[in-house]
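Hi,

Here is the structure I promised to send over. Have a look at it first, and then read on for what I found in it.

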Amino acid sequence: MLAFDRPASVRWRITRVPWFLVTTALASVVALLAIGKLAMNWLDVYLVFFGEQPEIDPANIAAYRVWGAIALAALLCGAVAHMLNPDRRLLGTFWQGLLVLVGTAMVLLCYIPGAVDLPAPGREDDGYRAPPCYSGGDNDECVGG
């Protein structure tokens with residue numbers, strides 16, 4: 001007999017509701033979705049071709065903050081729900097540990113800097129752009145010899 005088929009007067013008998021398993025599985029799916037969204041946001045900013053500079057939009061910064069918070073909350077919720085499950089298995093513990101490590105690494109690696117201005121690439125200074133020297137004498141009076 002399922003737990004929900006019993007009358008309401010025997011609430012103390014309902015002990016095997018699979019909330020821990022459902023919560024762990026749902027949190028894992030949400031964490032994987034958030035990790036994927038973080039990776040796509042990072043690629044949206046940094047995947048440029050032919051020497052272009054990456055452009056960081058405020059929408060990319062907001063997306064990183066939102067999906068990073070969702071990923072960390074889902075990882076925490078899934079790990080806590082799994083550890084509170086009295087019927088947890090070794091494979092599930094391994095999965096949650098791997099998910100926490102990979103998720104945390106992705107949140108850190110997909111960081112979008114919000115206040116960093118990327119400098120434009122400049123030319124190398126080879127010394128030939130010195131001001132011309134009109135001393136009329138030898139090269140000891142000119143800058144650069």
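This is a predicted model: local features need pLDDT of at least 70, side-chain atom pairs count only at pLDDT 80 or more; totals for chains, interfaces and linings use all residues.

As for the overall layout, the protein comes to three helices and zero strands, and reading along the sequence gives you α-α-α. There are 145 residues, of which 21% count as buried. The accessible surface comes to about 11200 Å², with 66% of that belonging to carbon and sulfur atoms. If you look at contacts with a separation of 6 or more, residues 24 or more positions apart account for 70% of them.

Now for the inside. In α1 the buried residues are Thr-24, Ala-27, Ser-28, Ala-31, Ala-34, Ile-35, Leu-38, Asn-41 and Val-45. Over in α2, the buried set is Asn-60, Ile-61, Tyr-64, Gly-68, Ala-71, Ala-74, Leu-75, Gly-78, Ala-81 and His-82, and what covers them includes α1 and α3 (90-109).

Which residues make up the largest nonpolar core? There are nine in all: Ala-34, Leu-38, Val-45, Ile-61, Tyr-64, Ala-71, Val-107, Cys-110 and Ile-112. The elements giving two or more residues to this core are α1 (19-46) and α2 (58-84). Another core, of five residues, lies apart from it, and Ala-31, Ile-35, Ala-74 and Leu-75 are among its members. As a general point, nonpolar side chains in soluble globular proteins tend to be buried together.

- Ile-112, a member of the largest core, touches Asn-41, Trp-42, Val-45, Tyr-46, Ile-56, Asn-60, Ile-61 and Tyr-64, leaving out residues up to four places away in sequence.
- Asn-41 sits in helix α1 and counts as buried because its relative accessibility is 9%, under the 20% cut-off. With residues up to four places away set aside, Asn-41 touches Asn-60, Ala-63, Tyr-64 and Ile-112.
- Gly-103 is in helix α3, and at 0% relative accessibility this glycine counts as buried. Beyond its neighbours within four places in sequence, Gly-103 is in contact with Ile-35 and Leu-75. Gly-103 and Leu-75 are 28 residues apart in sequence, yet 7.4 Å apart in space, C-alpha to C-alpha.

Where does the nonpolar surface patch get its largest share of residues? That would be α3, which supplies five. The patch is about 600 Å² and is made by Leu-32, Leu-91, Phe-94, Trp-95, Leu-98 and Val-102. Trp-95, found in helix α3, counts as partly exposed because its relative accessibility is 36%, which falls between the 20% and 50% cut-offs.

Cheers

Definitions and conventions:
Residues are numbered from 1 along each chain as its sequence is written. Side-chain values use heavy atoms; hydrogens and water are left out. A nonpolar core is a set of buried Ala, Val, Leu, Ile, Met, Phe, Trp, Tyr and Cys residues joined through side-chain atoms within 4.5 Å. Buried means under 20% relative accessible area, exposed over 50%, partly exposed in between (1.4 Å probe, protein chains only). Helices (H or I, at least four residues) and strands (E, at least two) are DSSP runs, numbered from the N terminus. Contact means heavy atoms within 4.5 Å. Patches are made of residues with over 30% relative accessible area and no salt bridge: like charges are joined within 9 Å, nonpolar side chains (Val, Leu, Ile, Met, Phe, Trp, Tyr) within 5 Å. Accessible areas come from the Shrake-Rupley method with a 1.4 Å probe; for residues, only the protein chains shown count as cover. A salt bridge is a side-chain nitrogen of Lys or Arg within 4 Å of a carboxyl oxygen of Asp or Glu.
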